[in-house]
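Subject: Structure for your review

Dear colleague,

Please find below the structure that I am handing over to you, followed by an account of what was found in it. I would be grateful if you read the two side by side.

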Amino acid sequence: MVNHEGSSKVTLAVQNLSVKFGTKVVLNSIIAKIEPGRITVLIGPNGAGKSTLLSGFAGHLPDYSGLITIDETPIGNFTPKQLAALRAVMMQSDNLVFEFSVRDVIRMGLLPHVTCNANVQTEVIEDLADRCGIRHLLHQSILRLSGGEKQRVHFCRCLIQIWCNTGSYPDSAQYLILDEPTSSQDIAGELRILNLVKERSSEGVGVLLVLHDLNIAAHFGDSFYLLKNGSVFAQGEADEVLTESTLSNVYETPVRIETRENRIQINTF
Amino acid sequence: MQGKLARLSLNLTAIDSKWSSVGLAALFLLVLTLGLSVGAVPLPIWDIVTGSADSLESTIFTQIRAPRVLLAAAVGASLACAGAVLQGLFRNPLADPGLIGVSGGAALGAVAVIVFGSWLDIPPELAGYTMPVAAVFGALVVTGILYLFASRFGQFKIVTVLLVGIAINALSSVGIGLFQYLSDDTQLRTLIFWMMGSFGRAQWGTALPCIAMMTLATFALIGRSGPLDKLQLGEFEAFHLGIDVLSVKRQVVLLSAVCVGAGVAVAGIIGFVGLVVPHIVRFTLGVSHRPLILGSALLGATLMVSADLVARTAVLPAEIPVGLVTSALGAPFFLWLITKVAPR
């Protein structure tokens with residue numbers, strides 16, 4: 001299902017993406033792409049435009065100029081249903097006001113045209129819930145969970161969404177788009193989520209992450225886009241983007257980087 | 001506080017959601033039979049069904065009692081469904097067609113027809129539809145305005161919708177007052193009787209078009225239950241899950257306006273059914289929209305037939321307006337609900 005030759009054709013890409021909110025330029029001619037089998041990380045200071053760029057990839061930007069394409073087809077040519085089979089998106093908002101159970105919420109990730117049958121669905125839900133550390137919560141009301149637990153429920157819902165749609169469009173890769181998926185996690189939860197992300201990516205899923213923790217980003221990311229004031233300031237692999245001079249410049253804070261046993265460590269003090 | 005609500009509802013859901021739906025259906029049939037047989041003239045239902053009742057009893061049954069009770073059931077069902085889906089659409093547990101102004105808009109439409117209807121040249125066979133259509137139009141305008149306001153001020157703040165509802169209710173009472181001023185004596189009489197809200201003048205000719213509209217809209221809403229569930233995650237999230245959010249919102253706004261508009265056209269403004277019923281159903285059948293809408297239809301019908309039964313038998317030979325009965329039950333419930341969901 002996945003094109004492992006790394007052909008540039010099979011990607012979720014934005015070309016010259018510009019977005020304005022009123023007169024304020026939020027994104028300025030961004031060129032970026034998410035490739036199957038790789039973890040692409042968006043980093044940058046608050047207000048740099050990371051979440052807006054993520055919305056562009058997710059396909060819900062109301063107004064923009066430029067091109068957003070999946071395998072060179074403009075994203076507007078896909079129906080919401082087709083898009084849902086190709087990519088799952090996790091946002092930071094939490095809007096639920098009624099007492100859905102955790103299982104109900106996870107099941108919302110199952111689309112009406114899912115390819116796996118009911119028994120498999122139940123098995124997959126229990127298995128993935130277990131690996132997200134929320135299996136013991138399946139019968140609980142979502143409103144009673146802590147912020148971190150809720151976040152893992154929504155993450156699990158996204159995993160279910162792409163898991164149960166493998167094969168809907170055999171010629172295209174699937175994408176996982178996550179806006180700060182570990183913002184409410186303790187260190188164990190963070191590792192749990194990012195290991196699952198890494199696993200999906202190694203199976204060929206294209207991943208886009210917005211992350212604030214640069215050390216975590218350096219460890220899990222394959223390629224990086226460093227945003228500043230709505231433009232891409234630097235892009236590429238860790239050693240090209242995560243440098244002392246670049247980071248110090250973009251974050252306007254002195255940053256020191258040490259390399260120990262092949263792993264970089266980014267410090268601000 | 002919300003935690004307490006959660007525990008209560010989930011425990012009940014786990015134990016007996018199947019039995020709850022059977023219970024709801026049984027309760028509805030019981031109340032329906034009761035509503036058909038009890039009244040100013042007690043009717044022996046069994047004799048009427050088997051054809052052994054006398055002709056006066058049969059006439060009362062077919063011409064007066066049956067249309068009245070069925071209409072009450074249909075209005076109760078459709079108001080409760082409208083309440084359920086409006087609460088879902090606005091992600092707001094306090095949404096009620098009456099409180100947020102939808103019923104007021106429908107009333108304004110209906111009153112306009114009472115006052116200006118004679119100016120329009122409507123063929124008699126369509127006359128039964130003019131009031132419901134005008135009321136639906138009024139309800140539609142209000143729901144649309146509410147929706148624009150609510151989405152403009154961000155993610156559906158509970159208070160925003162209620163405040164906009166207050167403003168719209170005020171505006172529609174201005175409109176209704178204006179129409180009262182413009183109406184002549186006969187129109188004024190019709191108007192005031194209509195505004196009190198009653199099923200007392202139910203006849204097949206006016207009841208059937210409304211029952212048809214409400215039934216169709218209710219079933220169509222049940223068909224939107226999957227998308228409505230996903231909408232609870234947020235609009236972007238629903239889109240990510242493959243929902244065409246704009247078209248679902250339009251359909252739900254239109255269908256709930258049909259439910260409310262047709263109900264108001266035929267029975268006046270009857271408050272709180274749309275608020276109370278969905279919450280009771282959530283306690284017993286859970287929050288997923290399919291069981292919620294179906295359950296709300298059943299319980300709404302049950303509640304309205306009972307309220308109408310009280311309204312027409314409590315002070316015989318007179319009647320109390322049925323809206324008085326539902327409000328007496330609903331307003332305290334609303335107060336209780338505010339203490340549960342109001343921002344802490």
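Which residue in β5(A) is the bridge partner of I70(A)? The partner is T73(A). Please note before going further that this is a predicted model.

The sheet in chain A

The contact between the chains

On the side of chain B, 27 residues are in contact with 26 residues of chain A. Three elements of chain B give two or more residues each to this side: α1 (2-37), α9 (225-231) and α10 (235-240). The largest share, seven residues, comes from α1(B). Sorted by class, this side of chain B has 11 nonpolar, 10 polar and six charged residues.

A buried serine in chain B

S256(B) is found in helix α11(B), which covers residues 245-267. S256(B) counts as buried because 31 other C-beta atoms lie within 10 Å, where 20 or more are required. Beyond its neighbours within four places in sequence, S256(B) is in contact with A82(B), V85(B), L86(B) and T143(B). S256(B) and G83(B) are 173 residues apart in sequence, yet their C-alpha atoms are 8.2 Å apart in space.

Two residues with positive phi

Most residues other than glycine have a negative phi. E252(A), although not a glycine, has a positive phi of about 50°. E252(A) is placed in the loop between α9(A), residues 244-251, and β11(A), residues 256-260. R91(B), also not a glycine, has a positive phi of about 45°. R91(B) lies in the loop between α3(B), residues 55-89, and α4(B), residues 102-116.

Which of these is buried and which is exposed? E252(A) has 10 C-beta neighbours inside 10 Å and therefore counts as exposed. R91(B) has 21 inside 10 Å and therefore counts as buried.

Yours sincerely

Terms used. Residues are numbered from 1 along each chain as its sequence is written. Chains are lettered from A and ligands numbered from 1 in the order in which they are written. This is a predicted model: local features need pLDDT of at least 70, side-chain atom pairs count only at pLDDT 80 or more; totals for chains, interfaces and linings use all residues. Two residues are in contact if their C-beta atoms, placed from the backbone, lie within 7 Å. Helices (H or I, at least four residues) and strands (E, at least two) are DSSP runs, numbered from the N terminus. Ala, Val, Leu, Ile, Met, Phe, Trp, Tyr, Cys and Pro count as nonpolar, Asp, Glu, Lys and Arg as charged, and the others, Gly among them, as polar. A residue is buried if 20 or more other C-beta atoms lie within 10 Å of its own, exposed if 12 or fewer, and partly exposed in between; C-beta atoms are placed from the backbone. Two strands pair if DSSP finds at least two bridges between them.
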